[in-house]
Structure formats: C-alpha cells, structure tokens
Amino acid sequence: SKIDIWQTEYLTILEGENPVAKWSEGTALRPFISALDNDELDDFLNLYRKEIAKNYRQTKQGKTLLKFRRIFIIATKY
C-alpha cells in the first residue's frame with residue numbers, strides 16, 4: 001500500500017465588491033446558508049460580509065487577493 005499527501009497554496013485574484021465573501025458563499029458557506037431561514041440568512045450574511053471585508057482589502061488596482069491551501073491525499077492499496 002502507498003499513500004501520498006501534499007499541500008498546495010493557490011493565490012486567486014478576485015474582482016468586484018467584497019469578492020471573497022461572494023466566492024465563499026458559493027463554496028464553503030453552502031452548508032451554513034442552506035441551514036438558515038431567510039431572516040437568519042440575511043443577518044448572517046451581513047455580518048459575514050462585513051467581517052470578511054475587514055480582512056481582504058482591494059489593492060489600488062481594484063483586485064482582491066485570496067490565498068488558500070488545499071491538501072491532497074492519494075491512497076493506493078496493492
């Protein structure tokens with residue numbers, strides 16, 4: 001048997017208004033978003049967008065940089 005594990009960091013260049021929040025709403029936040037009713041969802045997303053915008057600011061060129069890590073695992077049984 002064999003196992004390979006490695007990690008890679010990606011740098012994504014995003015554009016638009018609060019793009020990191022928009023990007024994560026379509027990926028990592030999906031389980032949370034689907035569990036909330038409309039009132040809870042609005043409150044949650046407003047707070048989330050506000051906090052994300054504090055930590056991911058646009059460059060002078062209007063771009064936002066998002067660095068994220070992915071871990072890959074390949075297991076093979078012989």
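This is a predicted model: local features need pLDDT of at least 70, side-chain atom pairs count only at pLDDT 80 or more; totals for chains, interfaces and linings use all residues.
View 1. Four isoleucines, Ile3, Ile5, Ile71 and Ile73, make up a nonpolar surface patch whose accessible area together comes to about 440 Å². The elements that contribute two or more residues to this patch are β1, covering residues 2-15, and β2, covering residues 63-76. Ile73 belongs to strand β2, and because exposed residues are those over 50% relative accessible area, Ile73 is classed as exposed with its value of 56%.

**View 2. A patch of negative charge on the surface, with Asp39 as one of its members.** The acidic residues Asp37, Asp39, Glu40, Asp42 and Asp43 gather on the surface in a patch of negative charge. Asp39 is located in helix α3, which comprises residues 38-55, and its relative accessible area of 60% places Asp39 in the exposed class.

View 3. Helix α1, made up of residues 19-25, includes Glu25. Since the buried class is set at under 20% relative accessible area, Glu25 counts as buried with a relative accessibility of 14%. When its neighbours within four places in sequence are left aside, the residues in contact with Glu25 are Arg30, Ile33, Leu45 and Arg49.

Terms used. Residues are numbered from 1 along each chain as its sequence is written. Side-chain values use heavy atoms; hydrogens and water are left out. Patches are made of residues with over 30% relative accessible area and no salt bridge: like charges are joined within 9 Å, nonpolar side chains (Val, Leu, Ile, Met, Phe, Trp, Tyr) within 5 Å. Accessible areas come from the Shrake-Rupley method with a 1.4 Å probe; for residues, only the protein chains shown count as cover. A salt bridge is a side-chain nitrogen of Lys or Arg within 4 Å of a carboxyl oxygen of Asp or Glu. Helices (H or I, at least four residues) and strands (E, at least two) are DSSP runs, numbered from the N terminus. Buried means under 20% relative accessible area, exposed over 50%, partly exposed in between (1.4 Å probe, protein chains only). Lys and Arg count as positive and Asp and Glu as negative; His and the chain ends are not counted. The place of a charge is taken as NZ of Lys, CZ of Arg, CG of Asp or CD of Glu. Contact means heavy atoms within 4.5 Å.
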